[in-house]
Amino acid sequence: MRAATSIYLFKDDVRFFGEGPCRLLRAVERHGSLRSAAISMEMAYTKALAIIKNAEQTLGFPLLIRSTGGKSGGGSKLTEEGKEWLERYEAYRDACQQANSKLYMEFFLQER
């Protein structure tokens, strides 16, 4: 038996960020483009773009710098604000998971 924690962020009762967008942004870092990141996650590019645009609109700042293709090809990379946001989300998520593990042990694994 174990406890699991899922962290989703909402604005006006609408979810705009969680582990999926987090993984997508990390994949953009690895692959250098939103399209390649989406492919690596077996996700349609249009869905990946919608996820990013929704998060950017809700947050009020861009997460990615996108350049269109052409001779030199296109690509995407995280903005400085995007990097900071992602690091803060991951730190918050990790702290929540650690707290949940501690509470689980306290409530279910210690003798009563």
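## Glu-90 in helix 4

Leaving out neighbours within four places in sequence, Glu-90 is in contact, meaning heavy atoms within 4.5 Å, with Cys-22 and Arg-26. Glu-90 belongs to helix 4, where helices (H or I, at least four residues) and strands (E, at least two) are DSSP runs numbered from the N terminus. With a relative accessibility of 16%, Glu-90 counts as buried, the classes being buried for under 20% relative accessible area, exposed for over 50% and partly exposed in between, with a 1.4 Å probe and protein chains only.

This is a predicted model, in which local features need pLDDT of at least 70 and side-chain atom pairs count only at pLDDT 80 or more, while totals for chains, interfaces and linings use all residues. Residues are numbered from 1 along each chain as its sequence is written, and side-chain values use heavy atoms, with hydrogens and water left out.

## Helix 4 along its length

The end C-alpha atoms of helix 4 (80-109) are 42 Å apart, which agrees with the 44 Å that its 30 residues should span at 1.5 Å a residue; the expected span of a helix is 1.5 Å times one less than its number of residues. Its buried residues are Gly-82, Trp-85, Leu-86, Tyr-89, Glu-90, Arg-93, Cys-96 and Tyr-104, and they pack against strand 1, strand 2, helix 1, helix 3 and strand 4 (75-78).

Ala-99 also lies in helix 4, but at 37% relative accessibility Ala-99 counts as partly exposed. Although Ala-99 and Thr-5 are 94 residues apart in sequence, their C-alpha atoms are 9.5 Å apart in space.

## Helix 3 and its buried face

Helix 3 (residues 45-59) should span 21 Å with its 15 residues at 1.5 Å each, and the distance of 21 Å between its end C-alpha atoms agrees with this. Ala-48, Leu-49, Ile-52, Ala-55, Glu-56 and Leu-59 are the buried residues of helix 3. Seen down the helix axis, these buried residues fall within an arc of 135 degrees, so they line one face of helix 3; the arc is that of the directions from the helix axis to the C-beta atoms.

On the other side of helix 3, the exposed residues are Thr-46, Lys-47 and Gln-57. The buried residues pack against strand 2 (14-17), helix 1 (19-31), helix 2 (34-40), strand 3 (64-67) and helix 4.

Helix 1 has 13 residues and reaches 18 Å from its first C-alpha to its last, close to the 18 Å expected at 1.5 Å a residue. Within helix 1, Pro-21, Cys-22, Leu-24, Leu-25, Ala-27 and Val-28 are buried, and what covers them includes strand 2, helix 2, helix 3, strand 3, strand 4 and helix 4.

The axes of helix 1 and helix 3 come within 11 Å and cross at roughly 105 degrees, where axes are lines fitted to C-alpha atoms, for helices over the stretch in contact, and angles run from 0 to 180 degrees between N-to-C directions. That makes helix 1 roughly perpendicular to helix 3, a term that covers angles of 65 to 115 degrees, with those under 35 roughly parallel, those over 145 roughly antiparallel and the rest oblique. Pro-21, Leu-24 and Leu-25 in helix 1 meet Ala-48, Ile-51 and Ile-52 in helix 3.

## The nonpolar core

A nonpolar core is a set of buried Ala, Val, Leu, Ile, Met, Phe, Trp, Tyr and Cys residues joined through side-chain atoms within 4.5 Å. The largest such core has 27 residues, and those with the most contacts inside it are Phe-17, Leu-25, Leu-34 and Trp-85. Strand 2, helix 1, helix 2, helix 3 and helix 4 each supply at least two residues of this core.

Not counting residues up to four places away in sequence, Phe-17 touches Ile-7, Tyr-8, Leu-9, Cys-22, Leu-25, Ala-55, Trp-85, Leu-86 and Tyr-89. Ala-37, found in helix 2, is buried with a relative accessible area of 0%, and beyond four places in sequence it touches Leu-24, Ala-27, Val-28 and His-31.

## Positive phi in the backbone

Most residues other than glycine have a negative phi. Asp-12, in the loop between strand 1 (9-11) and strand 2, has a positive phi near 55 degrees and is exposed, with a relative accessible area of 69%. Glu-42, in the loop between helix 2 and helix 3, likewise has a positive phi of about 55 degrees although it is not a glycine, and at 77% relative accessibility Glu-42 counts as exposed.
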